[in-house]
Amino acid sequence: MATHEKIGTKRLVVGAHYGSFDFLVQRMTAIILAVYSVLFLVCALFTSINYESWKGFFTFTFFGLPMGQISASLAFFSLAWHAWVGVRDIWMDYVKPAGLRVALHVLTVLWLIGSVLFFANIVWSL
Amino acid sequence: MSDSTSKPRREFRNLDLELIAVKYRLPTAGKVSILHRISGAILFLSLPIILIPLFAASVGSPESFAALGSGFGGFLLKLVLLVLLWGFMHHLCAGIRFLTLDLHIGMDKESSSKSAKIVLGASIALTLIFAIKLFGAM
């Protein structure tokens, strides 16, 4: 391997399967979100929705643990990571100028971190 | 042979949005794929400006929960929610299809075309079912 194909001494410029990690993250978070969504939809379909039952999806406890909040937080964290990989793919496909693409990546990260904090603040103050 | 020399086949190079949306007839699986991307982008954009504020109102208090569906604002909200609900259902159904394709299930042309049609139909059906359920509670 010629030295000019590396960044520093270790990192390869291409062909080192850096995309595999994102590929796997996209699938793992997708599975978490699919399981949470299907459970949520099945519960929603077979209960009558009112304020108490709706709030109960996010506040139920299991052996004293706040599982409603924990599962919602896990799902939302998966959602943010899943959205990061997907939205970054969109920018990489359609936005070619490097400066603009980096700016959009930064905005995407801020958008998602803001969403996570916003959501966590609501769920954990119930 | 004379046909191909007198009338050259149309070439589709450098697929852009206009070509995909207007000129090029996308197979059903292709429609599911681009709609997966579009619905994902819509959900991403609506997350902190529509979905989380709505979530905050829905769990905030019985009064803010009850106020969501009332009045003209409630009608507009239902229209927006209908679009977002479809986006979510399509993204979920298409996502499950992509996960099964990752496992090399239903990879041949006939079954992948069939599963793409099922995704389009199922996401609309699920949207209607849950819209009725949701709007009944609003």
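Contact here means heavy atoms within 4.5 Å. By that rule, 35 residues of chain A are in contact with 28 residues of chain B. This is a predicted model, in which local features need pLDDT of at least 70 and side-chain atom pairs count only at pLDDT 80 or more, while totals for chains, interfaces and linings use all residues. Residues are numbered from 1 along each chain as its sequence is written, chains are lettered from A in the order in which they are written, and side-chain values use heavy atoms, with hydrogens and water left out.

**Stop 1: the interface.** Show both chains as surfaces. Together, chain A and chain B bury about 2,700 Å², 80% of it on carbon and sulfur atoms; buried area is the accessible area (1.4 Å probe) that two parts lose on being put together, summed over both. Now pick Leu41(A), Tyr51(A) and Trp111(A): they supply 25% of the area that chain A buries against chain B, more than any other three residues.

**Stop 2: helix H1 of chain A.** Select residues 18-46, a helix of 29 residues that reaches 43 Å from its first C-alpha to its last. Helices are DSSP runs (H or I, at least four residues), numbered from the N terminus. Its buried residues include Val25(A), Leu33(A) and Leu41(A), where buried means under 20% relative accessible area, exposed over 50%, and partly exposed in between (1.4 Å probe, protein chains only). What do the buried residues of H1(A) pack against? Their partners are H2 (51-59) and H3 (67-94) of chain A, along with H5 (71-102) and H6 (109-137) of chain B.

**Stop 3: the salt bridges.** A salt bridge is a side-chain nitrogen of Lys or Arg within 4 Å of a carboxyl oxygen of Asp or Glu. The count over all chains is three.

- Arg88(A) and Asp22(A): the closest N and O atoms are 2.8 Å apart. Arg88(A) is in H3 and Asp22(A) in H1, so the pair ties together parts of chain A that are 66 residues apart in sequence.
- Arg27(A) and Asp102(B): their side chains meet at 2.7 Å, N to O.
- Asp93(A) and Arg37(B): the closest N and O atoms are 2.8 Å apart. Each lies in helix H3 of its own chain, so this pair joins two chains.

**Stop 4: Ser48(A).** Look in the loop between H1 and H2 of chain A. Ser48(A) is exposed, at 53% relative accessibility. Leaving aside neighbours within four places in sequence, Ser48(A) is in contact with Ser53(A) and Lys133(B).

Methods
Expected span 1.5 Å × (residues − 1).
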